Amino acid sequence: MAEAEKKYGNSKVYPSKVGLELLIPVLLISGAGMVPVIKDGDWIKLVVPIGILILFVAVLYSISYEIKEEVLVVKSFFWFKKVIPIASITGIVETYNPISAPAASLQRLEILYDRYNSVVVSPKDRMGFITHLKELSPSIQVKVKKWKEKD
């Protein structure tokens, strides 16, 4: 654990990867909805759709995963914060499940913890994130295509 603390300090924040597969459809749908309003020249009616679009993009870019001391803290905007003891994490599995999750990309990792709990995340630095967790808890089982266990 001392080696991980030297390498990462007391805590490290891993921002979520923002996937174009989630961002582009929202931008296209929002833009298509705004076209008739723009054609009519009624600029006041654009306030609400633009506000919703800005809020959505802010939520996507606010998602982060912080590893500090003995916990993983999953954060999304103001309303979602999940604290998971690293010692309770049993596995990390690659997934492309599109279920609603604090993950802004479809390239996701499912963090398995306790007996039946899990959370889906999408850190931009997937391998750094996994390595950091493994250094703090070597018993975590990893099932990710590009992951190679160190000897």
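A residue counts as buried when its relative accessible area is under 20%, as exposed when that area is over 50%, and as partly exposed in between. The exercises below apply these cut-offs to a predicted model.

**Exercise 1.** Find how many salt bridges the whole structure holds, and decide for E66 whether the residue is buried or exposed.

*Solution.* A search of the whole structure returns two salt bridges. In one of them the side chains of E66 and K75 meet, at 3.3 Å from N to O. E66 has a relative accessibility of 10% and therefore counts as buried, whereas K75, with a relative accessible area of 29%, is partly exposed.

**Exercise 2.** Determine which residue forms a salt bridge with E94, and work out why the pair ties together separate parts of the chain.

*Solution.* The partner of E94 is R126, their closest N and O atoms being 2.6 Å apart. Since E94 belongs to strand β5 (residues 89–95) and R126 to helix α4 (residues 126–136), the pair ties together parts that lie 32 residues apart in sequence. E94 is buried at a relative accessible area of 19%, and R126 is buried at 14%.

**Exercise 3.** Describe the course of helix α2 (residues 20–40), and state which of its residues are buried.

*Solution.* Helix α2 has 21 residues and reaches 30 Å from its first C-alpha to its last, close to the 30 Å expected. The helix bends by about 30° at M34, with a proline, P36, following within four residues. Its buried residues are L23, S30, M34 and V37, and what covers them includes α3 (47–62). L28, also found in α2, counts as exposed at 58% relative accessibility; together with L20 and I24, L28 makes a nonpolar surface patch of about 300 Å².

Conventions:
Residues are numbered from 1 along each chain as its sequence is written. This is a predicted model: local features need pLDDT of at least 70, side-chain atom pairs count only at pLDDT 80 or more; totals for chains, interfaces and linings use all residues. Side-chain values use heavy atoms; hydrogens and water are left out. Helices (H or I, at least four residues) and strands (E, at least two) are DSSP runs, numbered from the N terminus. The expected span of a helix is 1.5 Å times one less than its number of residues. The bend at a residue is the angle between axes fitted to the seven residues ending there and the seven starting there. Buried means under 20% relative accessible area, exposed over 50%, partly exposed in between (1.4 Å probe, protein chains only). Contact means heavy atoms within 4.5 Å. Patches are made of residues with over 30% relative accessible area and no salt bridge: like charges are joined within 9 Å, nonpolar side chains (Val, Leu, Ile, Met, Phe, Trp, Tyr) within 5 Å. Accessible areas come from the Shrake-Rupley method with a 1.4 Å probe; for residues, only the protein chains shown count as cover. A salt bridge is a side-chain nitrogen of Lys or Arg within 4 Å of a carboxyl oxygen of Asp or Glu.
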